[in-house]
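Me: I am new to this structure. Please take one part of it, look at it closely, and walk me through it in short sentences.

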Amino acid sequence: MNDVLAPNRGPRAYASFIGIGIGLVAGLLSGLFGVGGGTVIVPLLVLLLHFNQRLAAGTSLAAIIPTATVGVISYAVHDSVAWIPAIILAAGSVVGAQIGTRLLPKISQTVLRWAFVSFLIVVIVTLFLVIPSRDAVFDLNWLSGVSLVALGVATGIIAGLIGVGGGVIVVPAMMIAFGTSDLVAKGTSLLMMIPTAISGTIGNLRNHNVDLVAAGLVGVSACTTTALGAWLATLIDPLTANILFAAYLVVIAAQMALKAIRGRKKS
């Protein structure tokens, strides 16, 4: 267990308070944007609770399981989950994650991060050019099925290489490439994350890279605001939703660029 959560009443109470706060913010963003919330959880665990990067990533992945589950239920109530496409994406993502982790020692992290920043910039610009329709229906056929497998594999590889959650990739891809409504893209993304997060957490537990107490605290706290975020998503028009999501991606791109710059200085 992380020493920040050691049984000293003062530090433990402080850590619990911070963990709840992290969960509340992550849950709201998860429901609103259809992402796992790891881009919020990981840096805050490192910054505020002094987790190392590996433990923070493993703890975040475990916390995503209950958060994404509540998110899926919230979107399903509004019939905004494409169940079969989500399963196809998850299957591809699990395979891709294995490929990504194998490639990890062979590829420069700095180059990967700059490439991902460039990808996010393209997505951000595209979000202002393509406004999804709430009435759009996902048409599943052999071509879209193969494309979903490819998207899942690509998402898994990127997640394995640089530790970015799938929602950041899947949500805009489903809106832009598949013409899916923004709500269905978010609900489907959250469903895809559940088996992927479970698989990753099992591996992290074997390697002792999960603080179960912190994961439970953050995950349960996040569940209380995930449904609120999903409800807010239904109230926001697609253009405004795209603008907010673009702003979220700008923050992620900035985080990744800073990591790339720091990585170059260390090398």
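Reply: Phenylalanine 33 and phenylalanine 245 are both buried; buried means under 20% relative accessible area, exposed means over 50%, and partly exposed lies in between, with a 1.4 Å probe and protein chains only. A word on the source: this is a predicted model, where local features need pLDDT of at least 70, side-chain atom pairs count only at pLDDT 80 or more, and totals for chains, interfaces and linings use all residues. Residues are numbered from 1 along each chain as its sequence is written, and side-chain values use heavy atoms, with hydrogens and water left out.

Now the rings themselves. The structure holds five aromatic pairs. Rings of Phe, Tyr and Trp (its six-membered ring) pair if their centres lie within 6.5 Å; planes under 30 degrees apart count as stacked, over 60 as edge-to-face, and the rest as tilted. Phenylalanine 33 and phenylalanine 245 make one of these pairs, a tilted one, with 5.7 Å from centre to centre and 50° between the planes. This pair links distant parts of the chain. Phenylalanine 33 sits in helix H1 (residues 9-33), phenylalanine 245 in helix H10 (residues 238-266), and 212 residues separate them. Helices (H or I, at least four residues) and strands (E, at least two) are DSSP runs, numbered from the N terminus.

A further ring joins in. The centres of phenylalanine 245 and tyrosine 248 are 6.3 Å apart and their planes meet at 25°, so this pair is stacked. Phenylalanine 245 and tyrosine 248 are three residues apart in helix H10, about one helical turn. Tyrosine 248 is buried, as is phenylalanine 245. Together, Phe33, Phe245 and Tyr248 form one aromatic cluster.

For contrast, turn to a charged contact. The structure holds one salt bridge, which is a side-chain nitrogen of Lys or Arg within 4 Å of a carboxyl oxygen of Asp or Glu. The partners are aspartate 182 and arginine 134, at 2.6 Å, N to O. Aspartate 182 lies in helix H8 (residues 182-206), and arginine 134 lies in the loop between helix H5 (109-127) and helix H6 (142-162), so the pair ties together parts that are 48 residues apart in sequence. Aspartate 182 is buried, at 0% relative accessible area. Arginine 134 is partly exposed, at 28%.

One last stop: leucine 235. Leucine 235 lies in helix H9. Its relative accessibility is 53%, so leucine 235 counts as exposed.
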